[in-house]
Amino acid sequence: MMLTAIRGMKDILPSESARWVALENSFRAHAGRYGFREIRTPLLERTELFSRAVGETTDIIEKEMYTFVDRSGDSLTARPEGTAPVVRALLEHRSEIGEWPVRLFYIGPMFRHERPQKGRLRQFHQFGAELFGAESPYADAEMIAFLGGFFQELGLKDITLEINSLGDQECRPNFNAALTEFLKARDDKLCADCRRRRERNPLRVLDCKSQECIRATADAPSIIDFLCGPCRDHFAAVESLLADRIPFRQNPRMVRGLDYYRRTTFEFVIPGMGAQNTVAAGGRYDGLADMIGGKEPVPAIGFALGVERLLMLLGESASDASEADVFLVTSSPSLMAEAFRRKMELVRDGIRADMDYEGRSMKSQFRRAGRSGAKVVLVLGEAEAERGMIGYRDMENGTQEELEADEAMRRLGCFRKER
Ligand code: ATP
Ligand code: MG
């Protein structure tokens, strides 16, 4: 039986990889302009990092992690998200990373054992950014503007920003109590998962995607009404900093899937994309460093963007599928060594060149040249070679002329790729 990839884990084929690289490069450049530096953490971490950081009653911890015991008997987990590893790395290398504020970004695969469907994979990719050491609402506004600016740069118009505040350890307990009361009275209308977790983590019920829970909680109390003075001020400041920069909508039901969030949370959503409509999400997580054993509290805010969902949104764009700009054709196999020398010379000069290695007929070499997408075919013939000449065929208009070999090579300089 032929082996296939694991369901929900996709190969990125050559026809798609150029779009990936282009998007990654845009994100890198955009992040660089905001002063963010890239960090690359391992794909595997101790399971404990996520169970401490992400929260015991989240979907991720309850049912989505790829966790296994390795040969040394340690429990490891393929990272389901990027924030906990970045915070772990920051605390571990605190002195090497530099003074506050610290701005870091990452690009890479994440792993979650979910039911694969459109926009929901088991290995998916995120771009993420984190800003550490700044408590001020300016930091929140910067992160949201950074992400909004990236979408703008990509020309995405139908994307909307939703924001909320989850309060802090002062005020959230009051909201939790009110929400718990509310949910208790509607226990029979909730899904089985939510009935179970309502006691331990009532906020999670607001994040549930089942229609029954969405209906049952339509008139739930709003967290905004429960914010304490400092949280209310912080939220108002964020809103006013965003006001003339980027349109947004308050969504008091947005609680985010991870437990570590405090105060500001935000999502960029696409109306009409169904349950997989969130393209990027983030928030403030001032308590996380403490939860994973940091010695000092580190205020922080960050976001993660789902690359597959973003690519879906950007749609199919025409990408250059050609494999070569120049194809070398020989009239006889005896000229192959000469063609090979020229191909290597071209490639070394940054020009994509190819030839046939199997000594096929000229007709079939031309067919391959056509398929490669080459714009020019260099034709090496015995008689011409003796005179130091070479055939230069322009594949776009079909004309062929005889040129001095050196002159032909010079002309091909226009295909040189930026390095
Ligand atoms: P959802 O509510 O869609 O399950 P989430 O709250 O679990 O998302 P986050 O942990 O906030 O998602 O991750 C940030 C972004 O990563 C999401 O907005 C989404 O674009 C993307 N993402 C999350 N899970 C997946 C997945 N299984 N497949 C593809 N993209 C994903
Ligand atoms: Mg999820």
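## Charges over rings

The charged end of R411 sits over the ring of Y392, 5.1 Å from its centre. R94 does likewise with W100: its charged end lies over the ring, 3.8 Å from the centre. A charge sits over a ring if NZ of Lys or CZ of Arg is within 6 Å of the ring centre and within 35 degrees of the ring normal.

This is a predicted model: local features need pLDDT of at least 70, side-chain atom pairs count only at pLDDT 80 or more, and totals for chains, interfaces and linings use all residues. Side-chain values use heavy atoms, without hydrogens and water, and residues are numbered from 1 along each chain as its sequence is written.

## Aromatic pairs

A pair of aromatic rings is described by the distance of the centres and the angle of the planes. Rings of Phe, Tyr and Trp (its six-membered ring) pair if their centres lie within 6.5 Å; planes under 30 degrees apart count as stacked, over 60 as edge-to-face and the rest as tilted. By this rule there are 13 aromatic pairs. F27 and F146 are stacked, 6.0 Å centre to centre with 20 degrees between the planes. F27 is in helix α1 (residues 14–33) and F146 in helix α6 (residues 137–153), so the pair links parts of the chain 119 residues apart. Helices (H or I, at least four residues) and strands (E, at least two) are DSSP runs, numbered from the N terminus.

F27 is buried at 0% relative accessible area. F146 is buried too, at 0%. Buried means under 20% relative accessible area, exposed over 50%, partly exposed in between (1.4 Å probe, protein chains only). F127 and F150 pair edge-to-face, 6.4 Å centre to centre and 65 degrees between the planes. F127 lies in strand β6 (residues 123–132) and F150 in helix α6, so this pair ties together parts 23 residues apart in sequence. Both F127 and F150 are buried. Ring pairs join a cluster whose members include F27, F127, F146 and F150.

## A loop residue

E323 is found in the loop between α13 (307–314) and β12 (326–330). E323 is exposed, at 60% relative accessibility. From E323 to L310 is 13 residues in sequence and 26 Å in space, C-alpha to C-alpha. Leaving out residues up to four places away in sequence, E323 touches R352 and S372; contact means heavy atoms within 4.5 Å.

How values were computed
Chains lettered and ligands numbered in written order.
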